[in-house]
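Please look over the sequence and the model below before reading on. The text then goes through the structure step by step.

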Amino acid sequence: MKIPRLCYSTSTRHHRAVCYSTTSPDGPRGAQRRVAVEAIAEYIEAARKSKKEGAFAYVAAALVYAQFLGDDVTAIFYCTRALHRDVSCVRAYVVRAECFFRSGDYARALSDMGRACLLYT
């Protein structure tokens with residue numbers, strides 16, 4: 001599904017990325033993979049254009065990598081970039097902790113989850 005590029009604002013890029021990441025039910029191959037890659041491109045572009053909301057866009061890209069593509073290493077990378085933008089981004093710590101946990105790095109997962117809990121309270 002191709003969504004027309006009518007506007008290049010950050011919020012429009014985010015909404016298009018959400019549409020891309022939720023439109024294809026046919027599994028990790030084929031159309032869903034293409035749609036996930038398009039969503040990631042939109043999130044990364046939104047992060048580059050917005051200093052204020054960049055952390056959120058990086059976390060959203062990380063979620064697409066982790067959940068749709070199964071690429072935890074790249075998801076960790078984008079969560080780390082989000083934390084460079086905003087060290088108080090709880091969602092970045094949680095997503096990164098989940099990825100560390102799935103990769104077997106339990107010490108780092110526990111550390112990130114602890115930070116997330118401290119920031120959330």
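What follows moves from the overall fold to the core and then to one residue.

The model is predicted. Its chain contains six helices and zero strands, and the pattern along the sequence is α-α-α-α-α-α. Of the 121 residues in the chain, 43% are buried. The accessible surface of the chain is about 7,000 Å², and carbon and sulfur atoms account for 60% of that surface. Among contacts in the chain with a separation of 6 or more, 46% are made by residues 24 or more positions apart.

In soluble globular proteins, nonpolar side chains tend to be buried together. In this model, the largest nonpolar core consists of 32 residues. At least two residues of this core come from each of helix H2 (31-49), helix H3 (54-69), helix H4 (72-85), helix H5 (90-102) and helix H6 (106-120). H3 provides the largest share, with 11 residues.

Which residues have the most contacts inside the core? They are Val59 and Val95. Leaving aside residues up to four places away in sequence, Val95 touches Val59, Ala62, Leu63 and Cys79. The two residues with the most contacts inside the core, Val59 and Val95, therefore also touch each other, because a contact means heavy atoms within 4.5 Å and Val59 is listed among the contacts of Val95.

The last stop is Asp112, which lies in helix H6. Is Asp112 buried or exposed? Asp112 has a relative accessible area of 2%, and buried means under 20%, so Asp112 is buried. Apart from residues up to four places away in sequence, Asp112 touches Tyr93, Arg96, Ala97 and Phe100.

Technical notes:
Residues are numbered from 1 along each chain as its sequence is written. This is a predicted model: local features need pLDDT of at least 70, side-chain atom pairs count only at pLDDT 80 or more; totals for chains, interfaces and linings use all residues. Side-chain values use heavy atoms; hydrogens and water are left out. Helices (H or I, at least four residues) and strands (E, at least two) are DSSP runs, numbered from the N terminus. Buried means under 20% relative accessible area, exposed over 50%, partly exposed in between (1.4 Å probe, protein chains only). Accessible areas come from the Shrake-Rupley method with a 1.4 Å probe; for residues, only the protein chains shown count as cover. A nonpolar core is a set of buried Ala, Val, Leu, Ile, Met, Phe, Trp, Tyr and Cys residues joined through side-chain atoms within 4.5 Å.
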